[in-house]
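Please look through the report below, which moves from helix packing to a metal site and then to a residue in a loop.

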Amino acid sequence: MARILVVEDEPDLRAVLDFNLREAGHDVLSAERGTDGLSIARSQRPDLILLDLMLPDVAGTEVCRALKTDSATRAIPIVMVTARAEEIDKVVGFELGADDYVTKPFSVRELTLRVRAILRRADSPAPPAATVEFGSLRIDRDAHRVWVAEGEVDLTALEFKLLWTLFERRNRVQSRGALLGHVWGFESRISTRTVDAHVKRLREKLGAAREYIETVRGVGYRFADSPPGGG
Ligand code: CA
């Protein structure tokens, strides 16, 4: 199915991941140290990397940064594996371009489903269609127009960009810092509180579709994977 690199120094966890990912039909490569993980990623080009944050040699965030700043490995999705106490590192991870994260202890089933979702996304990039629909929300990307339940919503250019950024990365948590980078530009000196203010305003304007933008406590925001009720 896919080739997955597991960078994890805890032997038990590595064995569990290895077993379950193989059960799910994947090829599994594994590394105990960050530097080994980096060289395997560069030489083997896995389809996805599960990256522990606390590694014996270098921090997972450094491995992530190295992978995401190298054009040869930039496109490989990275799922950060963190412990709860590592919240700050997790946010840094997203700013470095990690695609998702799981928190220890995690259910193997949840992890396998997340891996599958990310691989599916990587496999089928968003269709070029100008208009996309999501529940009661309809977005015309080229015309920068948005409708909720057939009523047009008047968004500023910035609000549109914020909505599109969240929508395009749906089911993936976006930290305030990452949103600042994508929507306002990394050079921006605007505070992350500005992000909250704009999300609040955007939600107000979206009315019934506001619930599609979820708050992820301590991290940022996430656009829902599918509209509630499956519609
Ligand atoms: Ca560890």
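Leu158, Lys161, Leu162, Thr165 and Leu166 in H6 meet Leu179, His182, Val183 and Trp184 in H7, where contact means heavy atoms within 4.5 Å. By class, this contact of H6 with H7 has six nonpolar, two polar and one charged residues; Ala, Val, Leu, Ile, Met, Phe, Trp, Tyr, Cys and Pro count as nonpolar, Asp, Glu, Lys and Arg as charged, and the others, Gly among them, as polar.

The model is predicted, so local features need pLDDT of at least 70 and side-chain atom pairs count only at pLDDT 80 or more, while totals for chains, interfaces and linings use all residues. Residues are numbered from 1 along each chain as its sequence is written, and side-chain values use heavy atoms, with hydrogens and water left out.

The two helix pairs are set out here, with axes being lines fitted to C-alpha atoms, for helices over the stretch in contact, and angles running from 0 to 180 degrees between N-to-C directions. Helices (H or I, at least four residues) and strands (E, at least two) are DSSP runs, numbered from the N terminus.

| Helix pair | Axes come within | Crossing angle |
|---|---|---|
| H6 (residues 157-168) and H7 (residues 176-184) | 9 Å | roughly 125° |
| H7 and H8 (residues 192-206) | 9 Å | roughly 75° |

H7 and H8 are therefore roughly perpendicular to each other, whereas H6 and H7 are oblique; angles under 35 degrees count as roughly parallel, over 145 as roughly antiparallel, 65 to 115 as roughly perpendicular and the rest as oblique.

The calcium ion is coordinated by Asp9 (OD), Asp52 (OD) and Met54 (O) at 2.1 to 2.3 Å, donors being N, O and S atoms within 2.8 Å of the metal (3.2 Å for Na, K and Ca), and since water is not among the atoms, sites may look incomplete. Asp9 lies in the loop between strand S1 (3-7) and helix H1 (11-23) and Asp52 in strand S3 (residues 48-52), so the pair ties together parts that are 43 residues apart in sequence. Asp9 is partly exposed at 24% relative accessibility, but Asp52, at 1%, is buried (buried means under 20% relative accessible area, exposed over 50%, partly exposed in between, with a 1.4 Å probe and protein chains only).

Leu55, placed in the loop between S3 and helix H3 (60-68), counts as buried at 11% relative accessibility. Not counting residues up to four places away in sequence, Leu55 touches Val7, Glu8, Asp9, Glu32, Gly34, Gly60 and Val63.
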